[in-house]
Amino acid sequence: MKKHLIGLAVVISSSIGMRPLLAQDLTITNVRIVVANGSVINQGSIVVRGGRIVVAAAGTPAGSSGQTIDGRGLTAMPGFIDAHRHVNTGPNEKEQMQQLLDAGYTTILSGGGPAEGNITLRDHIEKGVIRGPRIIPSGRLDLANGTPDAIRAEVRRLAGLGVKFVGEQALTPKPGPTPKELENLRAAVDESKKAGVWIQIHAVSPQAMMAAVDAGVPKLVHTPHFGWLSLEDAKRVAASGVKQLSTIGFGVPVFSVFADDNQPRFRDGKPWPDSILDGDGRGQEAGYKAVNARTSWDAGVVYGYGTDTNYAPKAGLEHELKSLNLMFSMADVIKLMGPNTASYIEMSDQLGTLEAGKLADIVLVAGNPLEGYWNFLNTKLVIKGGVIVSDQR
């Protein structure tokens, strides 16, 4: 009998551990609030009820709610969103997802599939099997092969799985997309409108980027790193309503992540610049990308945040922020990472700013992020949908 009771206890304990964590009522006091809509509250409070922000204002709230957190010396920012990071289910997913939370990420749009693995990972998190950011699954199309009818069928299949973002299909950068790629792309765009999904394109040259825009693509997951983007073309992108992600760290050498030997490495850990994928040589891709990022921004493109990495989340965050720091102020980076990226993933009504009615995705960092990107890295507390998912205080 005793053995049966022990076994029952284990089953009950396991089932409890697999339940989704319920949103908490929270009150954060004495905190600097970077609202991410252009305003900053130097000392204020945030009240969370039922997983949503009900108050984010200066001073002390009229009424507190649930657990009180003293935010003295800390800054509250919207939860980080990476709209292009390669994630998937696997044996190390629990550790990897917790690392993302610890870095401050509360939402991840998968970088391209396989869709079924993305969906499994999302379900593991939503069902409470593991903790992790909110996962938005994606799939991928092969535009270089197959027929328009086959491409249309794959768009419908992915939509049937519940995928809303069709991921990282590539266009030939030089000399530009082939006629077959463009024919398949036009079919994908047309079918996506019928199926209610978003087509994203991996366009890493200005000619591929503009071909995608001309084909009616609404989202670009890369800033071009093969050649210069003209201001006139960037203005055409903005006028078309096409949204774009940074991934600006591509080509910028990485130090002390893969080995502590003071040697520059590419983002896969291999020697830089020799191992850069399809590179022009000597790492000039990093120069193209940084300047093109600013060109898109100045033209008015809705320019969001994506790392296109799969190595350690905090290292990837630091690398992307260092690269953005070349061309953007910290106020611009906050806009880029918050409301712009929320717009890219079509969740502006839910995420991207710390305002009443939004989901309570909140990162508390030590110091003031407006003073330097390094303060984005001093994560102390991460809240996702009103649940404390990482506490490093």
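The dialogue below takes up cores, a helix pair, the sides of a helix and one glycine.

Q: This is my first structure. What kind of model is it?

A: It is a predicted model.

Q: Which residues of the largest nonpolar core touch the most other members?

A: Start with the general idea. In soluble globular proteins, nonpolar side chains tend to be buried together. Now the case here. The largest nonpolar core has 34 residues, and Met 337 and Phe 376 touch the most other members. Several elements give two or more residues to this core, including helix 2, helix 3, helix 8, helix 9 and strand 15. Helix 10 gives the largest share, five residues.

Q: What does Phe 376 touch?

A: Leave out residues up to four places away in sequence. Phe 376 then touches Met 77, Phe 80, Leu 317, Leu 321, Met 330, Val 333, Ile 334, Met 337, Val 365 and Pro 369. Another core, of 33 residues, lies apart from the largest one. Among its members are Val 189, Ala 234, Val 237 and Ala 299.

Q: How do I read a pair of packed helices, and at what angle do helix 4 and helix 5 pack?

A: Two packed helices are described by the angle between their axes and the distance between the axes. Helix 4 covers residues 148-161, and helix 5 covers residues 179-195. They pack at an angle of about 35°, and their axes are 8 Å apart. The crossing is right-handed.

Q: Which residues meet there?

A: Helix 4 brings Pro 148, Ile 151, Arg 152, Val 155, Arg 156 and Ala 159. Among the residues they meet in helix 5 are Glu 183, Ala 187, Ala 188 and Glu 191. The contact residues divide into seven nonpolar, two polar and six charged.

Q: Which residues of helix 2 are buried?

A: An α-helix has 3.6 residues a turn, so residues three or four places apart point the same way. In helix 2, the buried residues are Glu 93, Met 97, Leu 100, Leu 101 and Ala 103. These residues lie on the same side of helix 2 because they cover an arc of only 165° around the axis. The face turned away from the buried side carries the exposed residues Lys 94 and Glu 95. Gly 104 follows helix 2, and its phi is positive, near 110°.

Q: Is Gly 139 buried or exposed?

A: Buried means under 20% relative accessible area. Gly 139 has 1%, so it is buried. Gly 139 sits in strand 9. Its contacts include Gly 112, Ala 115, Leu 158 and Phe 165.

Note on methods. Residues are numbered from 1 along each chain as its sequence is written. This is a predicted model: local features need pLDDT of at least 70, side-chain atom pairs count only at pLDDT 80 or more; totals for chains, interfaces and linings use all residues. Side-chain values use heavy atoms; hydrogens and water are left out. A nonpolar core is a set of buried Ala, Val, Leu, Ile, Met, Phe, Trp, Tyr and Cys residues joined through side-chain atoms within 4.5 Å. Buried means under 20% relative accessible area, exposed over 50%, partly exposed in between (1.4 Å probe, protein chains only). Helices (H or I, at least four residues) and strands (E, at least two) are DSSP runs, numbered from the N terminus. Contact means heavy atoms within 4.5 Å. Axes are lines fitted to C-alpha atoms, for helices over the stretch in contact, and angles run from 0 to 180 degrees between N-to-C directions. A crossing is left-handed if the near helix is turned anticlockwise from the far one by less than a right angle, and right-handed if clockwise. Ala, Val, Leu, Ile, Met, Phe, Trp, Tyr, Cys and Pro count as nonpolar, Asp, Glu, Lys and Arg as charged, and the others, Gly among them, as polar. The arc is that of the directions from the helix axis to the C-beta atoms.
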